[in-house]
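My notes follow the structure.

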Amino acid sequence: PPLPPQRVLQQQQPRVSTGLLDALKLGRCGLLDIVGEHNSPVGKSQTAASQLLYHLQFQQGLQRCLTNTDDPELTDWLRQIAARKSPLLPNYYWNMMVAEPDIRAALTPRLRTLAFAQQDGYQETVNAFSLFVRLQAQARGQLSVNQLTSSELNQALRGLYRNDYLGRLFYSLHSAAHYLDQSLAFLQQLKQFDCQRGGKIRAERLRNAMQRYYIEGIQRYFSQIDRQFVQLAPLLQSTLNPPPTKQDQITLYRDQFGKGLHSEVYRRYRALTLEHARLWQRFLERCDISPT
């Protein structure tokens with residue numbers, strides 16, 4: 001399933017505003033400058049990632065101000081603003097995940113497998129989604145998480161620019177499952193194979209071919225993409241967790257790719273891998289042939 005369109009997944013956000021006299025109180029918190037930049041023509045055209053970063057910085061600024069002020073009136077006002085904005089932060093985070101162009105491109109399934117020898121873009125993808133998990137924790141109010149700077153976020157997004165690793169990983173698991181399924185049809189026929197007399201010589205030749213082409217080559221590749229998905233799976237499961245109003249729209253995509261190790265693309269690949277190994281081992285045991 002494709003990643004649904006941005007307009008379908010994006011969450012509309014209510015605007016939190018205040019009167020001019022009240023807004024001047026933000027000057028006592030050192031927040032007027034970032035609010036001014038946000039409300040400028042340039043600020044209004046910010047990307048979804050920049051929007052999230054602004055709202056996180058504003059909320060963190062409010063918390064610092066609350067810690068450092070002893071003015072009861074200002075404290076009460078700041079708490080009201082913080083309470084109104086806090087529930088909106090997870091939705092700003094979600095909008096970044098489904099609207100930021102580089103993230104959408106990374107999450108889009110491809111129709112090409114990963115290279116056999118080396119899977120370029122893997123570490124950049126891990127780094128980016130690990131940072132998104134930190135952003136998600138901040139959006140949920142976990143203030144103990146180290147605050148992210150705009151340069152860190154931009155560096156993570158640059159790592160995803162023209163990086164189709166993740167979409168090709170999805171397709172590689174799908175493709176591997178397809179060919180494993182075809183191989184199972186062949187291995188099922190070996191149940192009728194006669195291991196007596198000249199049959200055992202033919203079985204040993206088959207074992208040698210399996211060792212050369214599958215064990216020494218294909219299986220190593222399968223192990224690489226398996227390990228890589230296992231590391232990425234919890235990051236995808238966490239970062240692709242939608243708000244309640246968007247659950248239905250992304251169910252098919254998320255069930256396929258974003259349910260961690262329970263994702264359909266991985267469950268099918270893993271089940272066929274184990275069945276392939278089981279049938280092969282049974283054939284070798286029946287013909288009394290060592291696997292290596």
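I started with the make-up of the second largest pocket: its lining residues divide into 16 nonpolar, five polar and no charged. I counted Ala, Val, Leu, Ile, Met, Phe, Trp, Tyr, Cys and Pro as nonpolar, Asp, Glu, Lys and Arg as charged, and the others, Gly among them, as polar.

The model is predicted: local features need pLDDT of at least 70 and side-chain atom pairs pLDDT 80 or more, while totals for chains, interfaces and linings use all residues. Residues are numbered from 1 along each chain as its sequence is written, and side-chain values use heavy atoms, without hydrogens and water.

I then took the lining of the largest pocket, which divides into 16 nonpolar, 14 polar and three charged residues.

Next I searched for salt bridges (a side-chain nitrogen of Lys or Arg within 4 Å of a carboxyl oxygen of Asp or Glu). The whole structure gave nine. Arg28 and Asp71 pair at 2.9 Å, N to O. Arg28 is exposed at 53% relative accessible area, and Asp71 is partly exposed at 21%. My cut-offs were under 20% for buried, over 50% for exposed and partly exposed in between (1.4 Å probe, protein chains only).

I also noted Arg168 with Asp164, 3.9 Å between the closest N and O atoms. Arg168 is buried at 15%, whereas Asp164 is partly exposed at 22%.
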